[in-house]
Amino acid sequence: MLGEEADQLVCDVLAQGVNAPLWNLADRGGKRWRPIVSKLAFLVSGGLAPVPPRICQVVELLHTGSLIVDDIQDEAVERRHGAAAHVVYGVPTALNAANTAYFRALKILRLCLADAPRLRALDMLAEELFAAHLGQALDLALGARLPETRLRTAHYFVLARAKTGALVRMAARLGAIAADGTVECESALGEWASELGIAYQITNDLDDLATDMQDVVACRPTYPLLLALEDDGPAAQMLRGHLGNRTLTDADARELRRLFARERVAERGRAAARLAGRRALRAMRLLPEGAARTELEHVTRDLMS
């Protein structure tokens with residue numbers, strides 16, 4: 001196209017500057033349950049097996065891109081037991097690769113969906129991608145306002161529905177659209193995904209609390225942290241002394257863990273995750289009965305436990 005040398009340069013840049021950051025992260029694994037959601041949503045909405053594999057690629061591309069951007073904004077240095085993409089490739093390259101993943105996802109839709117479902121899918125993605133970015137904005141804003149604002153778990157639910165729920169909704173709604181499912185079916189899947197997103201995010205936050213407490217130590221707006229602040233007990237008093245500098249020493253973290261246990265933060269968090277999971281299961285009652293719905297119920301219970 002541009003001559004042999006120029007064409008080779010373009011290929012090298014594509015391989016190293018776009019594909020490598022994405023594949024490096026994707027090859028490390030991950031739970032990869034969102035593509036399963038797309039497949040089951042496709043089947044429960046009346047789609048016939050086999051499920052179009054490219055539909056699942058859309059979700060994975062969007063998710064991988066969002067992880068890279070999230071790590072940059074959180075200044076995280078690790079992802080999936082390895083260095084974060086921006087640590088390996090630098091912020092400009094990692095950010096460009098993440099943004100490219102979004103547009104590649106749209107290209108896949110052009111290749112695998114007919115005109116009517118493609119337009120419906122594009123409308124849905126425009127809606128949900130905005131919600132996801134709004135959720136990320138809320139995450140950043142709530143974190144910045146922790147020192148001076150009386151935040152509550154109600155703020156957390158809004159954040160989780162927007163940020164975490166958006167990716168689950170994209171997976172579920174895209175499956176329904178690809179199957180040419182009814183609007184009612186897509187809506188039920190969307191409601192299910194929103195509540196599952198809350199249950200999943202709370203569970204992730206509790207996993208952090210049970211292990212290295214990285215998110216809590218960094219004073220990010222996790223469910224355990226907001227729950228403790230809402231209680232306004234000893235844990236909240238200790239936290240407020242550290243929110244301004246955003247760091248906790250190891251001794252502080254041990255003391256905070258003790259106070260969290262005393263205030264039953266983990267136990268109450270698990271109860272909140274179970275409640276969101278039950279709301280997700282109720283939303284599924286509007287879906288057609290069958291093997292696909294049963295599998296979605298299993299996915300719900302696995303992710304909320």
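Is aspartate 115 buried or exposed? Aspartate 115 is exposed, because its relative accessibility is 52%. Exposed means over 50% relative accessible area, buried under 20%, and partly exposed in between (1.4 Å probe, protein chains only).

Basis of the notes. This is a predicted model: local features need pLDDT of at least 70, side-chain atom pairs count only at pLDDT 80 or more, and totals for chains, interfaces and linings use all residues. Residues are numbered from 1 along each chain as its sequence is written, and side-chain values use heavy atoms, with hydrogens and water left out.

1. Aspartate 115 and arginine 118 pair through their side chains in a salt bridge, 2.9 Å from N to O. The term requires a side-chain nitrogen of Lys or Arg within 4 Å of a carboxyl oxygen of Asp or Glu. The two residues sit about one helical turn apart, because they are three residues apart in helix α6 (residues 115-145). Helices are DSSP runs (H or I, at least four residues), as are strands (E, at least two), numbered from the N terminus.

2. Arginine 173 bridges to glutamate 128, with the closest N and O atoms 2.7 Å apart. This pair links distant parts of the chain: arginine 173 belongs to helix α7 (residues 153-178) and glutamate 128 to helix α6, 45 residues apart. Arginine 173 is buried, at 13% relative accessible area. Glutamate 128 is buried too, at 2%.

3. Another α7 to α6 pair. Lysine 163 forms a salt bridge with aspartate 139, the closest N and O atoms being 2.7 Å apart. Lysine 163 is in helix α7 and aspartate 139 in helix α6, so the pair ties together parts 24 residues apart in sequence. Aspartate 139 counts as buried, with 14% relative accessibility.

4. Network and total. Salt bridges link Arg120, Glu127, Glu128, Arg169, Arg173 and Glu186 in a network. The whole structure contains 18 salt bridges. Side chains of opposite charge can pair when their charged atoms come close.

5. Cover of α2. Helix α2 is mostly covered, with eight of its eleven residues buried. Among the buried residues are Val37, Leu40, Phe42 and Val44. Their cover includes α3, α7, α8 (183-210) and α14.

6. Lysine 39. This residue lies in helix α2 (residues 34-44). Lysine 39 is partly exposed, with 42% relative accessible area. Leaving out residues up to four places away in sequence, lysine 39 touches Val51 and Cys56. Contact means heavy atoms within 4.5 Å. The C-alpha atoms of lysine 39 and phenylalanine 157 are separated by 27 Å; the two residues are 118 apart along the chain.

7. Serine 45 lies in the loop between α2 and α3 (53-74). Serine 45 is buried, at 12% relative accessible area. Not counting residues up to four places away in sequence, serine 45 touches Ala176, Ala179, Gly181, Cys185 and Leu189. Glycine 46 follows α2 and has a positive phi, near 105°.

8. Arginine 285. The loop between α13 (265-283) and α14 (291-303) holds arginine 285. Arginine 285 is exposed, at 62% relative accessibility.
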